[in-house]
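Let us read this structure together, one feature at a time. Keep the sequence and the 3D view open.

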Amino acid sequence: MLFSTIVFWFQKLKTKRFPLRFSNEGVTQELKQWKHHLLTVAGFTEEKTMSFMKGDLLTRTRKLVKGLAKAEPVWLKAMEQAPPVTFPRADSKVKQISLPEDVYIKKFFKKHPDSKHEDAIKICGFDPPPARVFGWRVFELKEQGVSEEEAMAVADMEYRAERKAKKKAYARLKQIARLQGKKLPPNPYPSAIKEIQAEEKKYVRDRFFDPKILKIVDKLKEEKASEMQDRMRRGGW
């Protein structure tokens, strides 16, 4: 009843005739002031009037039905008996996932920047990258009572020894292939940069032999030649 009375007086206020000295902006501002005054007297605020928009579907429907702004839907009682699952919302941005060995991985990358190119996830295998193995090894040695500096030195020495062993193994394979007069075998332990270059080699060759790409190149050359001719005609040189 109180709200309908406020609406009645507000509609009456809209039809009020103001003197000619008032502009449209002045009338609108005065209407807003009267509206705010009437709502304040009635005990309403902007937060209360828009509170029905907050919450999930069940909460909003309850508020609308309770305020006689909407007829009670058929599904409301069923939803109240079995309300939908509410998931907690994150208060802030999603934090970046960090692991305990990430500190040592960063130190490993400073010593061996070439290892940054090594792919951490390979479809053909499940072997972790050397940086991750380095971090795990440091933790393992620290659990055995070794200091952090000594653990990092031992893990680094093991990494270098493993790299040298792989190079020696490939050199031995090439030596055996030469003695047998066979074609040199591919490197079973290629570097990450060479693996990336091998994948990109196909696309590099396509630039010179793929007919589709050659058509695009010819079209670009024609457009460039036409632009040069237009400049010559206009005297742009």
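**A guided reading**

Q: Which residues make the nonpolar surface patch?
A: Val204, Phe208 and Phe209 make a nonpolar surface patch of about 340 Å². Keep in mind that this model is predicted.

Q: Where does Val204 lie?
A: Val204 is part of helix α9, which covers residues 192-209.

Q: Is Val204 exposed or partly exposed?
A: Exposed means over 50% relative accessible area, buried means under 20%, and partly exposed is in between. Val204 has 41% relative accessibility, so Val204 counts as partly exposed.

Q: How many helices and strands does the protein chain have?
A: The protein chain has 10 helices and zero strands. Along the sequence, the pattern reads α-α-α-α-α-α-α-α-α-α.

Q: What share of the protein chain is buried?
A: Of the 237 residues in the protein chain, 14% are buried.

Q: At what angle do helix α6 and helix α7 pack?
A: The angle between α6 (residues 102-111) and α7 (residues 130-143) is about 125 degrees, and their axes are 8 Å apart. That angle makes α6 oblique to α7. The crossing of α6 past α7 is right-handed.

Q: Where does Asp56 lie?
A: Look in the loop between α3 (46-49) and α4 (57-66). Asp56 has a relative accessible area of 31%, so Asp56 is partly exposed.

Q: What separates the C-alpha atoms of Asp56 and Thr86?
A: Along the chain, Asp56 and Thr86 are 30 residues apart.

Key:
Residues numbered from 1 in each chain as written. Predicted model: local features only at pLDDT ≥ 70, side-chain atom pairs only at ≥ 80, totals over all residues. Heavy atoms only, no water. Patch = residues over 30% accessible without salt bridge, like charges linked within 9 Å, V, L, I, M, F, W, Y side chains within 5 Å. Areas by Shrake-Rupley, 256 points an atom, 1.4 Å probe, with all protein chains shown as cover. Salt bridge = Lys/Arg side-chain N within 4 Å of Asp/Glu carboxyl O. Helix = DSSP H or I, 4+ residues; strand = E, 2+ residues; numbered from the N terminus. Buried < 20%, exposed > 50% of the residue type's maximum accessible area, 1.4 Å probe, protein only. Axes fitted to C-alpha atoms, helices over the stretch in contact; angles between N-to-C directions. Parallel < 35°, antiparallel > 145°, perpendicular 65-115°, else oblique. Left-handed = near helix turned anticlockwise from the far one by under 90°.
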